[in-house]
Amino acid sequence: MASIHNSADSGFNAPSRPLLQVRDLEVTFRVEDGLARAVDGVSFDLEAGEVLGIVGESGSGKSVTALSILRLIPDPPGRIAQGRILLDGVDLLSLTYREMRQIRGNEIAMIFQEPMTALNPVFNIGMQVREAVLTHAKVSKAEATDRAVQMLEKVGIPSARRRLHDYPHQFSGGMRQRVMIAMALVCHPRILIADEPTTALDVTTQSQILDLMLELKQRESNASIILITHDLGVVAETCNRAVVMYGGKIQEVGTVQQIFNNAKHPYTEGLLTSLPAVAGPRDERLYTIPGNVPSIMDMPSGCRFCTRCEHVTDRCRHEEPALHEIGDGQFVRCHLLEPESKPDSG
Amino acid sequence: MGYRTSRSSSQVTSSTPKTDSDSHAGDHRSLSPLQLRAKRFRRLKRGYYSFVLLTSFYGLSFFLPLLMNHRAILVQYNGEFYFPALASCLHDTFGLGQERVYLANTFDQISRSGQPVFGEANYRELQRTFAEEGSGNFVIMPLIPYGPNESFLDLPGAPPHPPSHLHWMGTDDRARDVMVRLTYGFRISITFALLVTVVAYTIGIVVGAVLGYFGRWVDIVGQRFVEIWGNIPFLYTVIILASILGPSFGLLTAILAAFSWVSITYYLRGEFYREKSKDYVAAAVATGEGHLTIILRHILPNALTPIITFAPFAIVSLIISLVSLDFLGYGLPAPTPSWGELLKQAKVNLRVWHLVVFPLGAMFVTLQLIVFIGEAVREAFDPKVQSRLR
């Protein structure tokens, strides 16, 4: 499976080795009924400077994938059962706790979904951003404060130095998310993982935050961004490439153009069809993918999507399709699109 | 017109400090949650005044040897000054200086019958003698010139003596002044409760934090040890250790602390489990911070609320523990002025009203004040008020 990703340069002047390579990642959670495989054999690459979207419904394993990169899976019950996560060829899963601390915040930083709870309520924001600096840089407190102020100004906190002494509850949701971004970027990480950074915000704030992230990326650090979201609109606006996940597996990978204009996987198609179109008919019911996501404990034995797929065949129910390239860096996990069994209808 | 001018002038005066504060807005500081809670606590009058009253009494009680003592504050004798009460106050209360007892022959004290007095000087007698002599020597006695362990056997009648103008709360069955003993007992009770609370909280916080933060086998194994420890019978331990080592303030403090930390770990362990699953802890981990920083700086301040709220009630229960130990006779060694010992006397002499009413009254008032403080603390820490403001 690794080989297929080497060709996934997809229009980037990619260096010989991608910045981050995730290989055959498998994360299990011990639950009452046994072992739940939340992420099952996920592999993808992240090039330097790229914005990669990971899309999927709730429970598709996208957040768990992101958390595993920083090894933040709560253990127990969770466990990274196997796989490799290579940053510059170094396997993060083999690092010691101390070495991992050097990676966290410094090389790879993370923004969380809920800015309400992701800031410590008992510290003022100045202390929180400053602490992020002091954790990785050997600088004086005054210097750290200055850097914190600069960063807070960059993320658009008005009169940042004055607001250093304010507490999280004195900020609005969008402002808090800006503080989170400042905390994440203050050490100039090479990868920024944003786990649904805009889900808890209202729509106008959402686009502001996304614009801010992209702007900071372009102007400042050129950090790669992994954007986890269930919002295809967000992906279309911000990402270069997208990974579509379902049932703990990658179903389709491609550039944003490929995913949106030339989606091949029935699941991706379903997701796109269920988006409201601005120019579309108004009184028509919006399309929904029939059925529900099956419980992670009783995933179908064949294709994960076979219980809800409109084009399901007998083969789909028994045999798991492999992720294969259908051209130009686009990968799909579907029997119907395999070259030998190319269906007439599609 | 007059109304308007007065109004405009008041506007001027009120606007002056406003602009002043605006110019200082550059270094404004928002109140931390703890400061907010302290502010809210100050607004809860009953609890706040109880707190002020109790802490000032307790603070004052450190200077008790200067207020209630059989030793004089100041003796001037043949041109020299002596401070016997201050010396004993510094030594007994603050552990400073040497134990210093002025013997009677320092002042060439002679008893009424003309015999020289042996042992420590009797300052009340000395005061009277000096006044009679009119030689310029004088003695200044504390407000209440009686010591806590002094027996007043020369009072008319048999002890316990009823309240009189000399001994406002009467004397106990060994003719010692009840008021003085109650006051000294107050200091001992509160000191004891505070010490035990601090020690027990420290142990409990450390153990609970470690168990809750690391979880897994640390928690499973640690919890079993805590449970085993918590099941050691308290009273037997006190009796056995007190009979081997001899009861003392230090021993009792150590034993009670050793038995009180267990419940703290349960609170803190639970809080740590709850807090560590929150996003801000994940964010701290994702920033690359270490275990110690996360435990101490991030989780601990958020996990302390329940045990801070619980602290005043812990102090109440510790005071009661000490009283009951003293009552049973396993408490502080014999001449120490203690509430439990006074209550024991009250039980034996139920018909001597002043032995029943005053110790019980003192205990009631003190514990009630602490409960008031506890209620106010609980209310000040109640998150519901804050969530309403959000």
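Predicted model: local features only at pLDDT ≥ 70, side-chain atom pairs only at ≥ 80, totals over all residues.
For chain A, the accessible surface comes to about 15100 Å², with 48% belonging to carbon and sulfur atoms.

The secondary structure of chain A consists of 12 helices and 12 strands. Its radius of gyration is 21 Å, close to the 20 Å that the globule rule gives for 346 residues, so chain A is as compact as a globular protein of that length. Along the principal axes, the C-alpha atoms of chain A fill a box of roughly 70 × 50 × 45 Å. Of the 346 residues in this chain, 54% count as buried, and among the contacts of chain A with a separation of 6 or more, 63% are accounted for by residues 24 or more positions apart.

Within chain A, A:Thr28 is placed in strand β1, which covers residues 20-31. A:Thr28 counts as buried because its relative accessibility is 5%, under the 20% cut-off for that class. When residues up to four places away in sequence are not counted, A:Thr28 touches A:Leu35, A:Ala36 and A:Arg37, and also A:Pro77, A:Gly78, A:Arg79 and A:Ala81.

Most residues other than glycine have a negative phi. A:Arg71, in the loop between α2 (62-69) and β4 (78-87), has a phi near 55°, a positive value in a residue other than glycine. With a relative accessible area of 27%, A:Arg71 is partly exposed. A:His188 lies in the loop between α7 (173-185) and β7 (191-195) of chain A, and its phi is likewise positive, at about 50°, although the residue is not a glycine. At 47% relative accessibility, A:His188 counts as partly exposed.

Chain B contains 16 helices and three strands, and it is divided into domain 1, spanning residues 70-141, and domain 2, spanning residues 180-380. The C-alpha centres of these two domains of chain B lie 41 Å apart. Buried residues make up 43% of the 390 residues in chain B, while 66% of its contacts between residues at least 6 apart in sequence join residues at least 24 apart.

B:Glu80, in strand β2 (residues 80-82), counts as partly exposed at 49% relative accessibility. B:Glu80 and B:Ala209 are 129 residues apart in sequence, and their C-alpha atoms are 59 Å apart in space. B:Tyr213 is found in helix α7, which covers residues 178-214 of chain B, and this tyrosine counts as buried at 10% relative accessibility. B:Tyr213 and B:Phe272 are 59 residues apart in sequence, with a C-alpha to C-alpha distance of 5.8 Å. Beyond residues up to four places away in sequence, B:Tyr213 touches B:Phe272, B:Lys276, B:His291, B:Ile294, B:Ile295 and B:Ile299.

Most peptide bonds are trans. The bond from B:Pro159 to B:Pro160, however, is cis, with omega near -5°, and B:Pro160 is found in the loop between β3 (138-140) and α7 of chain B.

Definitions and conventions
Residues numbered from 1 in each chain as written. Chains lettered and ligands numbered in written order. Heavy atoms only, no water. Helix = DSSP H or I, 4+ residues; strand = E, 2+ residues; numbered from the N terminus. Rg over C-alpha atoms; globule rule 2.2 N^0.38 Å. Buried < 20%, exposed > 50% of the residue type's maximum accessible area, 1.4 Å probe, protein only. Contact = heavy atoms within 4.5 Å. Areas by Shrake-Rupley, 256 points an atom, 1.4 Å probe, with all protein chains shown as cover. Domains from an automatic or database assignment.
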